Amino acid sequence: MLFNQKSYHSIAFGIVLFYFVYWFYQGHFLFQLQQPTLINTGIDNTYWLFCILRIPQTIMRFPIIFDALLVLFTIFSFITKQKWSFRILLLIAIIHIVTFNVYACTHTKSCIFFPMLILPFCFDKLFDLVWQAVRYYFLFVLVSASIFKIINGGLFHPNQLVHILENQHLDLSILNPTNFTYRISTFLIQHTTLTTICWYSFFLMEFIFIIGFFTKKFDFILLFVLIVFIISTFILMRINLMDFICFIPFLIILKNDKKNATF
Amino acid sequence: MHSIYLIKVWKESKALFIGIIIFIFFQVFFIAKRIQNFPFFIFDMYSRPIEKPTTFSIYEIKANGKSVDYTSFKNTQENTILNSIQTYSTAKKEFPKSIYETLIEHRFKNKISTTNYQFIKNGLSNNEAAIYEFDNWLNRYCIQSNIDFSVYKNTYNFQNKSKIDSILILSEDAI
């Protein structure tokens, strides 16, 4: 063991429980969809495969049972700490996510983070290596977001964040112009210098995660940046990045673990 | 050199090493193809230049004669409502064809038997009953109107926010 698996286990369990409470608040459980009728797979090959095999269609006949199965299996897995149990949980989580997205007609990209959080527990002897692989993947996702902004030309486009805010809040401008987010956006749209600073700050908040590839010494800073990133994206753009909280256990290494760590 | 992650993985588990390499390959492949495929996350939102809109369209849900402010709903609920209305609108327009008819044909037609093709198509499509039942679901999910409700797609001028066009998507007398 590179470090004490227990601390990751406890933090991950806490995050997952919080995540489920948040899911319930948001209406993210299958039974909360209230027996939807339409499906939309997008052009995602995995969603296509699941729908061709009629998996979401079958699950949606018993939504509350599958929701209960997910929650109970999570609790059971974290209490018993059995590898096979986590493997079944991983499968249930993936089916749940695909079913929800297909019936909610959405394609939430970041939903993959929840199964990623469970993944290291599915491997007993290789726990440390898989844990590190998942950590690298989280880092990659955030750093790649900043790289995409450079490659695709959005980073240096004049008034990019101004235009993003204008496009993002079109519904608010008609339906709810007194909304808190809309008022902040209106202020920012009128103060382009400040908005440009915010835009580059967002870029830096993503790019700074490159540090994580080389050292874990600054993980507490990355954790702080991650939380600021999640909150500011929600306040400014009403984009929900709560799935990113699954990254938190990969940024917290307790004192006890640092003594044992060889990385 | 031994501290490089992939070398460590290679030494400890060849199977995991191959698994990681395959994952990296598909991640790069889907980035190059610009296709979002579960579980490969491409976080490129707003990475391309965005321009100021001249006109824009939003859905308006009217229940009991009043506009429903779905922006005050929970994030997940709002997304579900808007995406479902969009799916309904497309499915109804395209019916009896699937909304991904062209893609399904391109991928499967004349490559597999007619029976299998139909099986695949049915799994990816919304049938008539699903489209017909959509208004009941929408009412149950968010509107909960006991009089009537309707959904419009309104187009506005960005500058002065004046309504340019309004298309009726759905109209229902609820019971």
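Helices (H or I, at least four residues) and strands (E, at least two) are DSSP runs, numbered from the N terminus. This is a predicted model, in which local features need pLDDT of at least 70 and side-chain atom pairs count only at pLDDT 80 or more, while totals for chains, interfaces and linings use all residues. Residues are numbered from 1 along each chain as its sequence is written, and chains are lettered from A and ligands numbered from 1 in the order in which they are written.

**View 1. Chain B from end to end.** Start at the N terminus and follow the elements of chain B: they run α-α-β-β-α-α-α-α-α-β-β, which gives 7 helices and 4 strands. The C-alpha atoms fill a box of roughly 70 × 45 × 30 Å along the principal axes. Chain B has a radius of gyration (taken over C-alpha atoms) of 23 Å, whereas a compact globule of 175 residues would have one near 16 Å; that globule rule is 2.2 Å times the number of residues to the power 0.38. Of the 175 residues in chain B, 20% are buried, meaning that 20 or more other C-beta atoms, placed from the backbone, lie within 10 Å of the residue's own.

**View 2. Where chain A meets chain B.** Here 58 residues of chain A are in contact with 53 residues of chain B; two residues count as in contact if their C-beta atoms, placed from the backbone, lie within 7 Å. Which helices of chain A each supply at least two residues of the side that touches chain B? They are α1 (5-26), α2 (45-52), α7 (127-151), α8 (160-168) and α9 (170-175). The largest share, 9 residues, comes from α7(A). By class, this side of chain A divides into 26 nonpolar, 26 polar and 6 charged residues. In this scheme Ala, Val, Leu, Ile, Met, Phe, Trp, Tyr, Cys and Pro count as nonpolar, Asp, Glu, Lys and Arg as charged, and the others, Gly among them, as polar.

**View 3. Two domains of chain A.** The bounds, from an automatic or database domain assignment, are 1-125 for domain 1 of chain A and 130-258 for domain 2 of chain A. Their centres, taken over C-alpha atoms, are 24 Å apart. Look between them: 18 residues of domain 1 are in contact with 18 residues of domain 2. On the domain 1 side, α1 and α6 (113-118) of chain A each supply at least two residues, and α1(A) gives the largest share, 7 residues. That side has 15 nonpolar, 3 polar and no charged residues.

**View 4. The largest nonpolar core.** A nonpolar core is a set of buried Ala, Val, Leu, Ile, Met, Phe, Trp, Tyr and Cys residues joined through C-beta atoms within 7 Å. The largest has 79 residues, and Ala93(A), Leu117(A), Ile118(A) and Val134(A) have the most contacts inside it. Helix α7(A) gives the most to this core, with 12 residues. Leaving aside residues up to four places away in sequence, Leu117(A) touches Ala12(A), Val16(A), Cys246(A) and Pro249(A). Apart from this core lies another, of 7 residues, among them Val162(A), Leu165(A), Trp199(A) and Tyr46(B).

**View 5. Helix α8(A), mostly covered.** In α8(A), 7 of the 9 residues are buried, including Val162(A), His163(A) and Glu166(A). The buried residues of α8(A) pack against α10 (180-190) and α11 (192-207) of chain A.

Notes. Buried ≥ 20, exposed ≤ 12 C-beta atoms within 10 Å, placed from the backbone.
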